Each structure stands twice: as structure tokens, then as C-alpha cells.
Amino acid sequence: MGRACAVMTASPTDDNASPEHRIQVLTNELSHTRGELMEAREQQAATAEILRVISRSPMDLQRAFAEIAASAARLCDANDATIIQVNGDFLRLVAHHGPLASLPLGGNTFQLTRGLVTGRAVVDRRTVQVADLPAETDEFPEGSDMARRLGFHTNLAVPLMRAGEAIGVINIRRTEVRPFTDRQISLLNIFADQAVIAIENTRLFEKVQARTCELQQALEYQTASSDVLKVISRSDAELGPVLDTLVETAARICRADCGLIFRLQDDLCHTIASFGIPAEYKDFQLCNPITRGRGTLVGRTVLEGRPVHIEDAAVDPEYTRIEAVQLGRQRTMLGVPLVRDDALIGAITLARSRVESFTQQQIDLVTTFADQAVIAIENARLFEEVRARTWELARSLEELKALGEVGQAVNSTLKLEKVLAMIVAHACEISDSGGGAIYVFDHARSAFVLEASRNMSEELISMVRGHPIHLGETLVGQCGARREAVQIADLAKVPPHPLFEMHLKAGVRALLAVPLLHQDEVVGALIVRRKRVGAFTPQIVNLLQSFASQSAIAIQNARLFQEIEDKSRQLEIASQHKSQFVANMSHELRTPLAAMLGYAELLSDGMFGELPEKSIRIVERVQANGKHLLGLINTVLDISKIESGQFKLSLSEYSIDSMVQTVRMATESLASAKKLFFKTNVVKGLPYGWGDEPRLTQVLLNLVGNAIKFTEAGEVCISGGAKDDSFVISVSDTGPGIPYEERERIFDKFHQVDSTSTRAKGGTGLGLAIAKEIIEMHGGRIWVESIVGRGSTFRLELPVRARASGATA
Ligand code: ADP
């Protein structure tokens with residue numbers, strides 16, 4: 001039977017009343033209006049105050065509620081006011097103002113029910129006023145019960161509506177039966193709206209704040225991640241600093257005090273990066289790698305292979321590493337495993353010196369950092385691999401370069417000493433050895449002799465020189481005897497030998513000797529020395545064997561070169577002897593021959609009486625053969641003089657014209673005997689020349705002689721002219737001609753064109769060689785132009801005044 005929303009209205013004025021009464025009424029109305037005005041002002045002020053509170057401190061919802069409750073109670077003239085929020089099926093008291101006890105059962109939450117005035121306002125989403133609640137036992141069983149117990153009667157509840165939903169209720173009560181006026185009801189509605197604004201404001205504010213916070217955190221995480229990635233991606237980044245940055249960032253973002261990164265190696269967790277670890281604990285940590293097991297955070301993390309959270313290490317029953325708590329001041333701990341391709345490779349751990357759990361978000365974040373650590377470790381591994389490969393490659397290139405250089409040196413004309421010094425230098429460099437040497441095996445002494453060295457003290461050199469090494473003796477002798485590389489990884493551990501002692505004194509600890517073999521014969525040894533203990537790798541041994549082969553070749557080359565030089569020298573001496581002998585012999589032959597020719601001439605001239613016809617022909621033959629022989633001897637003598645450098649010109653004035661006439665006269669009979677047409681064509685008025693006339697005549701005679709000799713039909717012609725400061729003389733014929741490839745060679749000693757026709761003509765093959773020498777000694781040149789089958793033209797270019805070398809005037 002409840003009466004919802006009972007509204008009291010003011011009484012109207014009575015038109016029939018007396019003037020006094022009317023004045024009274026008007027006065028009343030005035031004061032009522034004044035009161036309403038004041039009330040309105042007061043309401044306005046209160047509303048403004050509430051709005052100010054709401055806007056100034058949006059986070060302080062409680063204060064806004066308190067303000068609203070107080071204003072509502074005061075302005076609606078209620079004994080108390082409460083603000084209640086809906087929380088699912090429950091109502092929760094959030095503000096209370098007034099002397100009445102606020103709650104029915106002592107708690108601040110109670111069941112949402114229509115049996116309560118507040119509950120009904122919420123459920124029905126409308127304003128509910130009950131004038132005398134204790135009397136409404138049927139309609140509001142719980143409400144009337146509460147009213148009786150708390151001692152109130154009139155109750156007004158206005159729902160707090162947001163988007164059609166009742167999210168709470170504002171409730172005012174009176175200890176008497178006096179329903180609230182319409183104005184008070186609408187006033188309470190305003191307060192209800194304000195409460196909704198306050199709630200909404202706070203909700204939005206919180207939302208904005210949460211979002212801002214989220215964004216900020218995301219940004220912070222992102223920046224941190226990108227910082228770490230930046231460090232990781234730096235190509236020169238070393239793993240240590242990268243991981244240090246990573247663990248530091250992880251600790252900072254997750255509000256941890258310290259952090260560590262471990263690498264799992266041989267089932268032990270080794271610290272590889274740390275942040276915020278107290279020095280004394282750090283040392284302990286570094287010296288004590290951790291095994292798998294539940295007693296430590298990292299041990300437990302790698303054991304379980306998933307994130308491990310220890311709320312408080314100080315009270316964790318399984319945790320045993322008390323040093324972490326005592327020295328490291330670690331309480332709440334978080335460990336996340338580092339996993340690469342399903343394999344556990346380590347863990348990242350964070351710890352707080354206070355007890356404060358890590359949030360799920362933080363755990364997720366550390367997992368991200370763990371992934372980054374794995375990337376960094378993987379990167380470093382790949383980088384290292386690439387670096388190693390690059391280094392290997394660079395080294396191979398260096399080796400190739402060194403081998404190339406050595407090869408070049410070996411094939412060059414450098415002195416053996418220099419080549420070997422270069423080989424030792426490269427061998428030392430490539431094998432990373434401080435010093436080295438090359439010994440050459442001296443077969444005569446049957447010992448190795450030092451030939452080239454690098455970084456060997458004078459003392460050591462003289463010691464080695466004074467101590468010839470025999471086969472089988474010391475490392476050099478041993479490698480020679482065994483014909484293979486031998487090495488000593490630690491000189492201090494081998495039986496003593498004076499040379500070893502000396503090396504030890506110089507700080508040498510390891511030695512490698514490689515034999516130099518030539519056709520399986522030992523020609524020497526290459527040795528390198530290091531000041532550190534340790535065996536030389538097979539790669540180095542192989543490389544030094546290449547150097548050894550090169551050295552053997554160099555030594556062999558040098559030996560061959562030496563032999564050739566010796567032989568050449570011997571040959572030269574022999575040749576000089578021969579030339580001398582030939583010159584002497586020619587001279588010796590010429591003297592009796594000249595006498596014989598002289599007598600023959602006297603005989604043919606009839607100085608010894610008239611000779612019989614037969615004898616005359618014989619004497620003539622003796623004369624002809626004798627002259628031929630003399631010619632030959634003269635030619636040989638000339639050549640031997642040229643070879644021994646004794647050929648000299650004797651310069652004087654001469655005339656080309658008369659020289660040509662002399663030659664013509666001497667040879668014309670030969671030409672006519674072969675029925676050859678003989679022509680001479682010398683330009684008139686040629687200047688006198690300055691040169692060795694007999695020798696030049698000899699040249700011309702030889703050319704014309706050859707022309708007549710080789711030509712069977714046609715003509716022979718001598719031409720003479722001048723051009724610039726030279727005479728130009730040519731001897732042409734219509735003979736067989738000279739093949740193109742023979743044009744140069746016919747001027748060589750003893751060279752004759754190899755054909756039956758020319759061979760059949762006899763001759764020594766020396767005439768043109770002598771002619772060339774004579775012309776060149778005059779500063780001129782001689783050459784031949786020819787077409788095979790058509791004839792040849794020999795040309796001379798002869799300076800009018802000889803620029804003679806070795807001439808005597
Ligand atoms: P020789 O005539 O004594 O053999 P030369 O040095 O004078 O020696 O000549 C060398 C060679 O050159 C000759 O043997 C011949 O083969 C070639 N030769 C020289 N002159 C002529 C020529 N006019 N015609 C063809 N061949 C020639």
C-alpha cells in the first residue's frame with residue numbers, strides 16, 4: 001500500500017480574506033519567497049561547492065561524496081544522508097552524513113533488495129519516498145525493520161542514473177514523519193546527478209590515468225627494448241656490455257634492485273653480466289658457478305625451464321643460497337630461462353632487496369628481455385664466427401701473398417742471400433714466430449751453414465757459425481736426417497745441447513725446423529723460433545714446407561746460376577785464347593805465304609829464267625791458290641782481330657769515285673767471265689770522304705764479289721751518291737735474291753743462306769760480318785733489300801766524315 005512520491009504543496013491565497021489577513025498572507029508569501037530565494041542561493045552555493053570539489057580533486061571521490069551527503073542532508077533538512085553504490089547484487093555504503101547509525105548490520109555492504117527503500121530506487125530506477133517507513137512492514141520488510149531499529153521514519157531515495165543504469169542511490173532520512181517537499185525531491189535529484197558526475201569523472205579520470213600510465217610504461221619498455229636492440233645491433237658490440245645494458249634495463253623497468261645473466265655451460269650456470277650486485281656478493285657469485293637445483297633461483301629456473309618467482313628468499317623453505325640474501329641483499333626474486341631453439345642456454349634473474357612480488361606484466365617483460373639476451377648471445381656467436389672466418393680468410397690471403405712474393409723473388413735475379421732473407425722474414429711473419437733462419441747444407445763439410453737469419457743476436461749468429469751442424473745433430477740436423485719437419489714444443493724439456501742452451505738464454509721456447517729438399521737431396525733447412533711454449537699447428541708446418549720448397553728452388557737456382565756464370569767465364573777465357581791463337585796462327589801463316597807468293601811472282605816474271613809452258617801454268621795456279629789462301633787468312637785474321645777487340649781503322653781522305661773504279665777493275669774480269677753486264681753509276685762531284693779506304697774497298701769488293709758469285713745472268717751494278725752528310729752506295733744484282741727472314745742473319749759470322757745454290761758457291765760466311773763491322777766502325781750502316789728470284793741490293797750509308805770508334809788517323 002506504499003505511497004511513493006508523496007508531494008506536499010504550498011496553500012493558495014484566499015481572495016475573501018480581510019486586508020490584514022491579506023497583508024499577513026502577502027507578508028508571509030514575501031518571507032516565504034525570500035526564504036525560497038535564500039534557499040535557492042544556498043542550494044546554488046552548495047551545488048557550486050560540490051562541483052568545485054569534483055573538478056578540483058577528481059581522484060578524491062570520497063570527498064565529493066562526503067560533500068554531497070552533507071549538502072543533501074542540510075539543504076533537504078534531513079537528519080542524515082547516505083550515498084550508496086551498486087556492486088553487482090550488493091549495495092555498498094560509500095558516504096554518510098548525519099547522526100543516525102549508518103548501517104544495518106555493522107558492515108558496509110548489504111544485499112540489493114526491493115525490500116529496502118534504497119534497493120527499490122535502484123531496482124525500479126526511480127525516486128522513492130516513504131513517509132513512515134516503520135509502518136510499511138509489508139511493502140518494505142527489510143527497510144521498515146531497519147527504520148525501526150535505527151529510529152527514522154520518512155525516507156527519500158533517488159537513484160544515481162548513468163546511461164539508463166542505476167549505479168547507486170542517494171538516500172535521506174528523517175527521525176519524524178515529515179515527507180520531503182517537491183523542491184527537496186528535485187534538489188536531491190540534483191545531488192544525485194552530481195554524485196553521478198563525480199563518479200563518472202573519477203572513472204574517466206582513472207581510465208585516462210591508467211591509459212596514460214599504460215602508455216608511459218609501454219613507451220618506457222619500448223625505449224628500453226630499442227636501446228637494448230640498438231646496443232645489440234652495433235656490429236662492434238661486445239657481448240659483455242650488451243648484456244650489462246640489458247640486465248640493467250630489465251632491472252630498472254621492473255623496479256628491481258639487481259639482476260644477473262647466466263650462461264649454462266657444462267651444466268653449470270656462469271655469471272656473464274650483472275647489475276646492482278654488491279661487490280662482495282659479485283666476487284662470491286663469479287667464483288661459485290651454480291648447478292641445477294631448487295636451492296638457488298637460477299638453479300631452480302634452469303631446472304624448471306620456465307619463469308620462477310620466489311616471493312621471499314629469506315623464508316622460502318627450499319632456498320639455500322643464504323649468501324644471496326645476506327651478501328646480495330636479495331629478497332623477492334624472479335628468474336627467467338634463456339632458451340634458444342628449445343635448448344636452455346642460461347637465465348636472467350632479477351631481485352629486490354624488499355619483499356614485493358613481481359607482477360605478471362613484469363614477468364612477461366623479463367621474458368622479452370630474456371629473448372633479447374638470447375638474440376645478443378646468438379649475435380655475438382655469429383659475429384665471432386664471421387670474425388674467425390674473416391680472419392682465416394685474411395690469413396690465407398696473407399699466406400698466398402707471401403708465397404707469391406717469395407715465388408717472385410725466387411724467379412727474380414735477386415741475390416740468393418736476399419731471397420733467403422725474404423723467405424725467412426715471411427716464414428716468421430706467417431708462423432707468428434719471433435725469429436728464424438735458413439741453413440744451407442755444405443756437402444764438402446757435410447754440415448749445415450747459416451745462410452740467412454731474422455732476429456738473431458750477433459752472439460747467437462757467431463755461436464751458430466762456429467758450430468757447424470751435422471746431419472742428425474740438433475733440430476736442424478734432425479730434420480735433415482729424417483727429411484721431414486721436426487719441432488720442439490718446449491725447449492726447456494729436451495736434453496740439453498749448447499745451441500739449445502743458447503736459444504733458451506735468448507728466451508726461445510719453441511722451435512720448428514723444415515728440411516729444404518731438392519730431388520730428395522737435402523740442400524738446407526728452414527727454422528723458426530717462438531718465445532712462447534706450444535706446438536706449431538699442422539697448417540703452419542705445411543706452410544713452412546712451401547717456403548722450404550721455395551728456398552730449395554732458390555738455392556738450386558743460385559747454384560745453377562753460379563755454374564753458368566763460371567762456365568761462361570771459362571768459355572770467355574777459352575774464346576779469348578782461341579782468338580789469340582787464330583790471330584797468331586794467321587799471322588804466322590801469312591808470313592811464309594807472302595814469301596811463297598813473292599817467289600812465285602819472281603818465277604812467273606822470269607827472274608829465274610824462262611820457264612817451260614807447263615811450269616808457267618803451274619806457277620800461275622800456285623799464285624791463284626796462294627792469293628785465295630791469303631784472302632782466307634786475311635779474313636780469318638780480321639775476324640779474330642774483331643773478336644779480340646784489336647780491329648782498328650786507319651783514317652785518311654778517299655774518293656768514292658776512285659774506290660769504285662778500283663773495285664770495278666779488280667772484278668770486271670770475273671763478271672765478264674760469267675757474261676754479266678757490269679755497270680757503275682757514281683754521281684759526279686761527290687766530296688772526298690774521310691775514312692779507312694782499304695777497309696772500305698774491302699767491303700765494296702766483298703759486296704761486288706758476292707753479287708758476281710751468286711748471279712748467273714743479268715747484271716751487277718755499283719751506284720754512288722750522297723744524301724745529307726752521308727754517302728749512299730749500293731751494289732745490286734739480278735741473282736737469286738735473299739729470303740726475308742735471312743736479311744739480318746747473313747750479317748752474322750759464319751752464316752750462309754742454307755740452299756744448295758749458295759752452298760755450292762763456297763765461301764766462309766765471314767765477309768758480310770766483317771763488312772758490317774767496318775761500316776759501323778765508320779758510324780754508318782749496311783742492309784740488304786731483296787726479292788727472291790729477282791735479285792738483291794746491298795746498301796751502305798756512310799758518313800762522309802767517319803765518326804769512327806777506335807780509329808787511328
Ligand atoms: P760468303 O759469301 O763467303 O759465304 P758473306 O758473308 O759474304 O760470306 O755472305 C754470306 C751469305 O750471304 C752468302 O753465303 C750468301 O748466302 C748470302 N749472300 C751474300 N750476298 C749475296 C747476293 N748478292 N745474292 C745472294 N746471296 C747473297
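A polar contact is a pair of N or O atoms within 3.5 Å; within protein, one atom must be able to donate a hydrogen and the other to accept it, and residues adjacent in sequence count only if both atoms are side-chain atoms. The model is predicted, with local features needing a pLDDT of at least 70 and side-chain atom pairs counting only at pLDDT 80 or more, while totals for chains, interfaces and linings use all residues. Residues are numbered from 1 along each chain as its sequence is written, and side-chain values use heavy atoms, with hydrogens and water left out.

Q: What is the average pLDDT of the protein?
A: pLDDT is the predictor's confidence in each residue, from 0 to 100, and 92% of the residues score at least 70. The average for the protein is a pLDDT of 85.

Q: How far is an oxygen atom of the ligand from a polar backbone atom of L768?
A: L768 is among the residues that come nearest to the ligand, together with N706, D733, Q752 and T764, out of 21 around it, where near means that a heavy atom of the residue lies within 4 Å. A ligand oxygen lies 3.5 Å from an N or O atom in the side chain of N702, and a ligand oxygen lies 3.0 Å from a polar backbone atom of T764. For the polar backbone atom of L768, the distance to a ligand oxygen is 2.8 Å.

Q: Why is helix α20 largely enclosed by the rest of the structure?
A: Helices (H or I, at least four residues) and strands (E, at least two) are DSSP runs numbered from the N terminus, and α20 spans residues 767–777. Buried means under 20% relative accessible area, exposed over 50% and partly exposed in between, with a 1.4 Å probe and protein chains only. The cover over the buried residues of α20 includes α16, β19 (649–650), α18 (693–710), β25 (781–787) and β26 (791–799). The helix is largely enclosed because the number of its eleven residues that are buried is eight.

Q: Is D638 buried or exposed?
A: D638 lies in helix α16 (residues 613–643). Leaving out residues up to four places away in sequence, D638 touches F647, R695, Q698 and I770. Its relative accessibility is 6%, so D638 counts as buried.

Q: Which residues touch the most other members of the largest nonpolar core?
A: A nonpolar core is a set of buried Ala, Val, Leu, Ile, Met, Phe, Trp, Tyr and Cys residues joined through side-chain atoms within 4.5 Å. V704, a member of this core, is in contact with V663, T667, F678, V716, I718 and V731, leaving aside neighbours within four places in sequence. Of the 45 residues in the core, those touching the most other members are L703, V704, I746 and F794.

Q: What is the phi of F750, which is not a glycine?
A: Most residues other than glycine have a negative phi. F750 is found in the loop between β24 (726–733) and α19 (756–759) and counts as exposed at 55% relative accessibility. Its phi is positive, at about 65°.

Technical notes
Contact means heavy atoms within 4.5 Å.
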